[in-house]
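Hi,

Here is the model I promised to pass on. Have a look at it first, and my notes follow below.

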Amino acid sequence: FNARVRVGRGFSLDELKAAGINRKQALSIGISVDHRRKNRSQESLQANVLRLKEYKSRLILFPRKASKPKKGDSSQAEMDVATQLSVTVLPIKQMWSDTTARVITDEEKKQSAFQTARMYIANTKHVEIHEKKTKKT
């Protein structure tokens with residue numbers, strides 16, 4: 001359940017920058033921005049950048065004044081074929097990894113997860129003592 005990708009409060013500033021969208025422009029075209037969010041993995045950053053680029057490619061931007069279209073506005077032909085969407089614009093695609101059952105090897109049976117974790121904790125706790133001993137010799 002914790003691996004499920006959910007819709008958040010908005011895209012991070014790094015994702016917008018990678019997609020080539022300004023923060024103010026994103027807010028004006030219907031993209032929510034969360035300035036507090038930080039990208040903790042490169043995979044999620046790339047997935048969100050792809051979502052933003054796909055959204056931007058599908059976007060048909062109507063001019064504020066029909067008589068004076070600006071640089072980023074759509075052409076008249078695109079505006080004629082435009083339809084209003086009533087569904088989620090870009091739903092999040094879940095990336096499930098199918099794991100299949102396998103036989104546990106003898107080497108895995110011999111290892112103890114508890115013993116491995118305990119030794120790691122003990123080694124990190126006494127790292128200073130081990131450094132002092134190695135410096136004396």
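Let me start with a question: does Arg102 count as buried or exposed? Arg102 counts as exposed, at 60% relative accessibility. Before I go on, please keep in mind that this is a predicted model.

Arg102 also has a partner. Its side chain meets that of Glu108 in a salt bridge, at 3.1 Å from N to O. Glu108 is partly exposed, with a relative accessible area of 34%, whereas Arg102 is in the exposed class.

- Arg58 counts as exposed at 53% relative accessibility, while Glu54 counts as partly exposed at 27%.
- Arg36 with Asp34: here the closest N and O atoms of the salt bridge are 3.2 Å apart. Arg36 is exposed, with a relative accessible area of 57%. Asp34, on the other hand, is buried, because its relative accessible area of 9% falls under the 20% cut-off.

You will find Asp34 in the loop between α2 (23-28) and α3. Ser12 is 22 residues away from Asp34 in sequence, yet the C-alpha atoms of the two are 5.4 Å apart in space.

Now for the inside. The largest nonpolar core has twelve residues: Phe11, Leu16, Ala19, Ile21, Ala26, Ile29, Ile31, Leu45, Val49, Leu52, Tyr55 and Leu90. Helices α1 (13-19) and α3 each supply at least two residues of this core. The largest share comes from α3, with four residues.

One is a patch of positive charge, where Arg64, Lys65, Lys68 and Lys70 gather. Lys70 belongs to the loop between α3 (42-58) and α4 (76-80). With a relative accessible area of 69%, Lys70 is exposed.

The other patch is nonpolar: Leu85, Val87 and Val89 make up about 280 Å² of surface there. Val87 lies in the loop between α4 and α5 (106-110). Its relative accessible area is 59%, which means that Val87 is exposed, given that exposed stands for over 50%.

And where is Val81 placed? Val81 is in the loop between α4 and α5, which is also the loop that holds Val87. Val81 is exposed, with a relative accessible area of 63%. As for what lies across from it in sequence, Val81 and Ile60 are 21 residues apart along the chain, and their C-alpha atoms are 9.7 Å apart in space.

Cheers

Methods: Residues are numbered from 1 along each chain as its sequence is written. This is a predicted model: local features need pLDDT of at least 70, side-chain atom pairs count only at pLDDT 80 or more; totals for chains, interfaces and linings use all residues. Side-chain values use heavy atoms; hydrogens and water are left out. Patches are made of residues with over 30% relative accessible area and no salt bridge: like charges are joined within 9 Å, nonpolar side chains (Val, Leu, Ile, Met, Phe, Trp, Tyr) within 5 Å. Accessible areas come from the Shrake-Rupley method with a 1.4 Å probe; for residues, only the protein chains shown count as cover. A salt bridge is a side-chain nitrogen of Lys or Arg within 4 Å of a carboxyl oxygen of Asp or Glu. Lys and Arg count as positive and Asp and Glu as negative; His and the chain ends are not counted. The place of a charge is taken as NZ of Lys, CZ of Arg, CG of Asp or CD of Glu. Buried means under 20% relative accessible area, exposed over 50%, partly exposed in between (1.4 Å probe, protein chains only). A nonpolar core is a set of buried Ala, Val, Leu, Ile, Met, Phe, Trp, Tyr and Cys residues joined through side-chain atoms within 4.5 Å.
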